[in-house]
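Biologist: I would like a close look at one part of this model, the place where the two chains meet. Please take me through it in one connected account, and give the cut-offs behind each term as you go.

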There are 2 protein chains.
Amino acid sequence: MDIMQTFDNAPIGVFDSGFGGLTVAREIAKALPEESIIYVGDSARCPYGPRSLSEVDGFVQQIGSWLVQRGVKLIVIACNTATAAGLAHAQQTFPVPVIGVVEPGARAAAHATRNKRVGVIATKATVESDAYTKAIRHLDAGITVFSTATPRFVEIAEQGIRMAEGPIENYTSLASKVYIRPPFQAIAKEYLEPLRRCQIDTLVLGCTHFPLLKALIGGVVGHDVTLISSAKEAARDVTEILDRHRQRAQAGHKAEYEFNTTGDDVTEFQSFGSRAFCMPITSVSHIEF
Amino acid sequence: MDIMQTFDNAPIGVFDSGFGGLTVAREIAKALPEESIIYVGDSARCPYGPRSLSEVDGFVQQIGSWLVQRGVKLIVIACNTATAAGLAHAQQTFPVPVIGVVEPGARAAAHATRNKRVGVIATKATVESDAYTKAIRHLDAGITVFSTATPRFVEIAEQGIRMAEGPIENYTSLASKVYIRPPFQAIAKEYLEPLRRCQIDTLVLGCTHFPLLKALIGGVVGHDVTLISSAKEAARDVTEILDRHRQRAQAGHKAEYEFNTTGDDVTEFQSFGSRAFCMPITSVSHIEF
């Protein structure tokens, strides 16, 4: 067998409790345009944050098994809560590589900081789990990590996406304009001013919704602060793993994107999802576990 | 300031208890031909393995401080024992990024394995520290790690390098021929057969000497087993950090390589070192702490 000709057109599985993980799917689609993706948004049980770890671990096992049965070659848990609750168990259970979003984001931050002062913004549950702080300091014990829960950012990201108008592919820039609105700016300032005063030079967007708010966040913390998108870094890891496994899709392979939701929000998923994914989502299936 | 024009011609500091770290310096020189390197081999106190962790931590502090005073922009602890003993402390002390060899090698192995069975060969001290097992399983809890101490490989690597003859730049391939000798093969088989029977698909060369033995090791474990050189992976991390910091040397910068030893082995360092570094080392300085 010629090693150079090894390829694998099987899809990549990506899942989240809802829409947020679409920013991860989008980064994978951007980095690897020939890879097919099967996405699962577990909207029926969203949000995962307030649930117990063992309950969420059970969801990860369910969704992961379903993706494995669908023949995925790799699984991305595109959700911080689900990563904390179920990544290790999923890695032990499933026959394909499973990655989360915390480790890639933490590594990028540890490599990016110059003054060894890193900020992390995330949901309350993620901040309380201390997952990013531990992962960053595991890589570089000299880094001081400042974490802040920014719960309203999820809601702002979703509001902004809904308010923006225009063609889907320009959605991100249109949303950026929406976020200039004073109420959004005020909330962002309230959350981010304390981090700015900590003189961080790197900020981890520790929630899959937050890449949608890059312009808003960058404007407040200052453009000298490097923003780390866990979504983008997870896509880098996917690329590296597929390369090392010689499992990239064949050159010229036409990617197929499949979207599934456990909720009754098929129409909402289509309209909101198209904007978060930056490509028109024409069909969404309802699935049940 | 134009962000694209940011560069930094300061050297990279690399150190080891002796010659082994030269394989790391070589990989950095290969990956980043415009980067200058200051190398320190602490031959006077070699080997570090039998010493206490706190003693070795003290050596790391000494050598790191000396490198920082020399103006390095990044430090690589190119020694497993010194990484285990002093990496975290060094990261807390020094104002520049400090990386070891364990984390990059572990990550590459976690990303490379397809059957989730990884072997690690290293010195006795490294195997007993469990550093690679912990680092690999931290990244992927589904991976089973099989570690074996291969103490005589250091001696074989050095013997092979000394016995090989020919031009320095071809040294690695010449040494490969030397390693075909039956006594070397017999030792390698004895060490590696048990790992082969564990059906590993990935093997970490967990000692900076071992990349010199790649041909010997690959021949015994089989060419379907992916060999991970911690030296090469550390060089990848150096590249990534300098890129993220926008601290690569200026395009066209002429790299300078400086070699220092704490031992009385200046001539030996020159002859052996040239071969491990794959470039003629014309001048070696004796330094003392």
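Modeller: What follows describes the interface first and then a few local features within the chains. This is a predicted model, in which local features need pLDDT of at least 70 and side-chain atom pairs count only at pLDDT 80 or more, while totals for chains, interfaces and linings use all residues. Residues are numbered from 1 along each chain as its sequence is written, chains are lettered from A and ligands numbered from 1 in the order in which they are written, and side-chain values use heavy atoms, with hydrogens and water left out.

Chain A brings 30 residues to the contact and chain B brings 30 residues, where contact means heavy atoms within 4.5 Å. Between them, about 2,600 Å² is buried, and carbon and sulfur atoms give 43% of that area; buried area here is the accessible area (1.4 Å probe) that two parts lose on being put together, summed over both. On the side of chain A, the residues that lose the most area to chain B are His111(A), Arg114(A) and Arg244(A), which together make up 27% of what that side buries.

In one salt bridge the side chain of Glu240(A) meets that of Arg236(B), at 3.7 Å from N to O.

Helices H3 (80–93), H4 (102–112), H6 (131–139) and H11 (230–245) of chain A each supply at least two residues of the side that touches chain B, and H11(A) gives the most, with seven residues. Helices (H or I, at least four residues) and strands (E, at least two) are DSSP runs, numbered from the N terminus. By class, this side of chain A has eleven nonpolar, eight polar and eleven charged residues, where Ala, Val, Leu, Ile, Met, Phe, Trp, Tyr, Cys and Pro count as nonpolar, Asp, Glu, Lys and Arg as charged, and the others, Gly among them, as polar.

Chain A is superposed on chain B by a rotation of 180° with 0.0 Å of shift along its axis (RMSD 0.0 Å), and the two copies are thus related as by a two-fold rotation axis. Such copies are superposed by least squares on the C-alpha atoms of residues with pLDDT of at least 70 in both. His138(A) is the residue of chain A that comes closest to the rotation axis, at 5.0 Å (C-alpha). Because 100% of the interface residues of chain A are also interface residues in chain B, the copies meet through the same surface.

Within chain A, Cys79(A) lies in the loop between strand E3 (74–77) and H3. The peptide bond from Cys46(A) to Pro47(A) is cis, with omega near -5°, and Pro47(A) is found in the loop between strand E2 (37–41) and helix H2 (53–69). In chain B, a cis peptide bond likewise joins Cys46(B) and Pro47(B), with omega about -5°.

Technical notes:
A salt bridge is a side-chain nitrogen of Lys or Arg within 4 Å of a carboxyl oxygen of Asp or Glu.
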